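Some terms used for a structure rest on cut-offs.

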Amino acid sequence: MKRILLSALAAGVALPLFGNPLFTETPPDGLLAPRAASDVTPVAPTMQWEAPPVAAIPAAPAADAVRNIIYIIGDGMGSGAHALASLRAHGEQGRLVMDRLPHQGLALTHSKNSRVTDSAASGTALATGFKTNNSSVGVLPDGSPCTSIAALAKARGMSVGILTDDYLAGATPAAFYAHQPNRAMTDEIMAELVHSGYEIFFANDTGSDSLRDNQTTGTNLVEVMTGLGYAFSYTVNDFKTSLTQSEKSVGLMPSGEISFQKGDVRVLGDVMQASLERLNRNPNGFFMLFECSLPDKGGHSSDMNQSVFGTLRTDWLVKTAVDFALTHPGTLVVVTADHETGGISAVRGTADADPVAYTREPNHTSAPVPVGAFGPGAQLFARVLDNTDIPRIMAYLLKLEMPPRS
């Protein structure tokens, strides 16, 4: 087992931390033998490790029904990622906003054909309320399509936003609009995005060739979507401006805008705030999915700095969502993960206050993941759930019909 030392830092301070974690082996006597600092590459000095402030969360405003849903998924963000990020930012566990939401549960994540899910099967479960096989997106094991909570909301007349710092055809966002037997079918997935009718899409620009030169349709889907009223933008500022000027917006961000290397832990929260203002113009309400992919990337690479950064970035999404819900009665906020990655656990160091993280393997695990909820109906999430229960509870609260599980 590898052990990762993480230096202490104060929230809000820019530190030249390490792009690759400082690995150490634990010898039999329990003492640590760290790698030489010369073996580690520093990240850019622009890196910011700023966490939302620790403060009591007021009670949710009274509401007769759920009008809006903000669904936040931290890819690969298990309990260990929560603990490590809280220790790093606040010096003790349980201090993240998502950990202090008034209703807390756990979700099981296995897929139909494996105890350990991939993001396609877990995304499908979280979007549609159905288990499927690994690699499948929005379809049952027999290949038949299943409808997502986002599509049901759209059919009701609600506005929908699908936002991620991953790419648009990534497994998690794709599960909310596409129906394909394999997550690798990027051209086919992008072709389905075009006619979803959702008001907002936001992602990095990876795979955008499948939009500009789609092999499935033989067309430039950017031109097609522009003809359908979508405004495209390629910087965060331009995207936020387009939300005020256009009915439908697509943001395709180059890596320099929203990447881990950019070091802006709050950028997704700013994007969420602008998107919420746009979606809230619909009197029928809205559904928003916002995914942060970095906890998963950190778990896969055993880069605990990236895992912490991604978890704190997700926590800013939760803070932004809760602030919105406090001033907009009828808004339900739900935050969870599609699965755990890395087998991460974290404790406070014994010699000093620095946290120590342990990783079991650079892969997905079968560990259950935290679920936090705030707003009307939030108490229904405060139990051990199957991941397919989450969109089904949302459908129940919105009075939408989701097909029963067989």
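**Terms and cut-offs**

In this predicted model, a nonpolar surface patch is formed by Leu106, Leu108 and Val384, with about 240 Å² of accessible area together.

Q: Why does leucine 106 count as partly exposed?
A: Its relative accessible area is 35%. Leucine 106 is placed in strand S5 (residues 103–108).

Q: What makes H2 roughly parallel to H13?
A: The axes of helix H2 (residues 119–128) and helix H13 (residues 389–398) cross at roughly 20° and come within 5 Å. Angles under 35 degrees count as roughly parallel, so H2 is roughly parallel to H13. The crossing of H2 and H13 is right-handed.

Q: Why is the contact of arginine 183 with aspartate 118 called a salt bridge?
A: The closest N and O atoms of arginine 183 and aspartate 118 are 3.3 Å apart. The cut-off is 4 Å, so the pair counts as a salt bridge. Arginine 183 lies in the loop between helix H4 (171–174) and helix H5 (186–193), and aspartate 118 in the loop between S5 and H2, so the pair ties together parts 65 residues apart in sequence.

Q: Is aspartate 118 buried or exposed, and why?
A: Aspartate 118 has 10% relative accessibility. Buried means under 20%, so aspartate 118 counts as buried. Arginine 183, at 31%, counts as partly exposed.

Methods. Residues are numbered from 1 along each chain as its sequence is written. This is a predicted model: local features need pLDDT of at least 70, side-chain atom pairs count only at pLDDT 80 or more; totals for chains, interfaces and linings use all residues. Side-chain values use heavy atoms; hydrogens and water are left out. Patches are made of residues with over 30% relative accessible area and no salt bridge: like charges are joined within 9 Å, nonpolar side chains (Val, Leu, Ile, Met, Phe, Trp, Tyr) within 5 Å. Accessible areas come from the Shrake-Rupley method with a 1.4 Å probe; for residues, only the protein chains shown count as cover. A salt bridge is a side-chain nitrogen of Lys or Arg within 4 Å of a carboxyl oxygen of Asp or Glu. Helices (H or I, at least four residues) and strands (E, at least two) are DSSP runs, numbered from the N terminus. Buried means under 20% relative accessible area, exposed over 50%, partly exposed in between (1.4 Å probe, protein chains only). Axes are lines fitted to C-alpha atoms, for helices over the stretch in contact, and angles run from 0 to 180 degrees between N-to-C directions. Angles under 35 degrees count as roughly parallel, over 145 as roughly antiparallel, 65 to 115 as roughly perpendicular and the rest as oblique. A crossing is left-handed if the near helix is turned anticlockwise from the far one by less than a right angle, and right-handed if clockwise.
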